[in-house]
Amino acid sequence: MAAPIMTIGKVSKAFGGIQAVEECSFEVPPGLITGLIGPNGAGKTTVFNLITGFLRADGGSIRYKGEELLGLAPHQVEARGIVRTFQHLRLWGKMTVLENVLLGCRTPLGENVLTLYLRPGRVRAEEAAARARAFEVLDFFGLTARAHELAEDLAYPEQKLLSMARIFATDAEILLLDEPTSGLDTDSLQKIVPMVRRLVEHGKTVLLIEHNMELISQLSDEVVFLHQGRVMARGRAEQITRDPALTEIYFGA
Amino acid sequence: MAAYVAHYLVMVGIYTILAVSLNLLMGYAGIFSLAHAAVYGIGAYASALVALKLGLGFWGGLVVAAVAGACAAALVGIPSLRVAGDYYIVASFGLQVVILTVFMNWTDLTNGHAGLAGIPRPRVFGLVIDNPFKYVALAMALAALTYAICHRLTNSAFGRTLRAVREDEIAAQAMGKNVVLIKIVITTISSALGALGGSLYAHYITYINPSSFTLEESIFIASLVILGGTERLAGPVVGAFILLAVPEALKFLAIPDTVAAPMRQILYGTLLILFMFVRPEGILGRARAKSA
């Protein structure tokens, strides 16, 4: 197996008396889909929040390409090339689908108030390039026809696609997907599951949270099984789903 | 009568600057500020003082006003905007109170309640702006400039990011936006522009005192924004035209001054409440969402 692109080492986080994540360690191999699985309250989303800087860890380390991520603010983590979705999507509902994706595209000159006024020509060129890129991304996710609609007006499966599209637009190397399949019917699953696979074909590394034991082997290459904040097992997806002990924890004994 | 209309238009120009700059905060960034009158006052006092004590001209005064306004806002914004939530309302309230206290009590500098008199008329390209008609042109030009600056800002990647921060701060952070920095930048720009209105006012009236820059004035400027609508840049301009016309219209009614002043307040209040019911998005806002 290739050297890991990101290494989570003995990361812990407690909320008051509750140990949400305890000495959690695993590696994320590049160019593959790693699935975080486990029952409710296993600490999956907490791990995401620790990686992306939304929570401060009590201890441990998270290294990405040799650099420590713990202690960085969310926007700094994103700048390193790690970007996430949210279980509750958090789209900018009153903005258009196109704007949601444009906010993922790189527009440093247009976001800087000095260059905005002093370099109008370059800002215009940058914005045109960003729009072209945004339409490519929308096309990739099959959302081109919806470009000028408000994000909140999309059907739920399309909103899920948009939440992925907006992080895909950022050129980040690692995409963290928080339950990409939750709340979807079988038809929509047929669209989303191959889409996750296509992200990897485009050179991304994916770490995703999945709730559905049946889907995990379709969705991921490697699986990390979390239980009560600890890593219970790691391995190929088929191994984990066939392990009777883990299935018992998962479905509750 | 013509001079009277000119005076009204000058005031519309000044309040357009104040309301459009405040709308950058209230409408686009979703940050509520109660300190816009303080910023207005800082602009007025800063340019009046440099004109009276250092003999600086109108343009120099404008620059000093903008820098002073920006500094005051940054000083308050840097600590308070780091904290998520609505703390800025409280912080800006504090700024408003402190600044007004300074105007009233630092008598060596501001002359206290008596205020500063004899502020020179602006001289623009060798022309002294000494009557309301010339001043209309100057006020409208500055209002247009402010509007253009805000238009550029809001119709850009920066403006898009600003709206994203207002809509969902956490999502904006996750997408790599430095939310705290963006809020500090917009607060600073809004205050720098607001201070321009103060400078214009000081040189127009040629006399200033603290009573023009009270908390009530902050609320009045916020009312212009709410009435006109926060969703569009032009909303507050419409708000300024309408709310400034109210006291002027009252002057045509045969009512004594003692009744007219409270009457004006009652009218403002009634208008605001009415708008919250009928058109919560303001005059230029989108009509209420279709009932589902």
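1. Chain A is divided by its domain assignment into two parts: domain 1, covering 1-81 + 172-253, and domain 2, covering 91-170. The model under discussion is predicted. Between the C-alpha centres of domain 1 of chain A and domain 2 of chain A there is a distance of 27 Å.

2. The two domains of chain A touch each other. Domain 1 of chain A contributes twelve residues to this contact, and domain 2 of chain A contributes eight residues. On the side of domain 1 of chain A that touches domain 2 of chain A, β7 (174-178) and α8 (186-201) of chain A each provide at least two residues. The largest share of that side is from α8(A), which gives five residues.

3. What is the make-up, by class, of the side of domain 1 of chain A that touches domain 2 of chain A? Eight of its residues are nonpolar, two are polar and two are charged.

4. A further contact joins the two chains. Here chain A supplies 25 residues and chain B supplies 21 residues. On the side of chain B that touches chain A, at least two residues come from each of four helices of chain B: α6 (132-154), α7 (157-167), α8 (169-174) and α9 (179-205). Which of these elements gives the most to that side? The answer is α7(B), with seven residues.

5. The side of chain B that touches chain A may also be described by residue class. Ten of its residues are nonpolar, five are polar and six are charged.

Technical notes
Residues numbered from 1 in each chain as written. Chains lettered and ligands numbered in written order. Predicted model: local features only at pLDDT ≥ 70, side-chain atom pairs only at ≥ 80, totals over all residues. Contact = placed C-beta atoms within 7 Å. Nonpolar A, V, L, I, M, F, W, Y, C, P; charged D, E, K, R; others polar. Domains from an automatic or database assignment.
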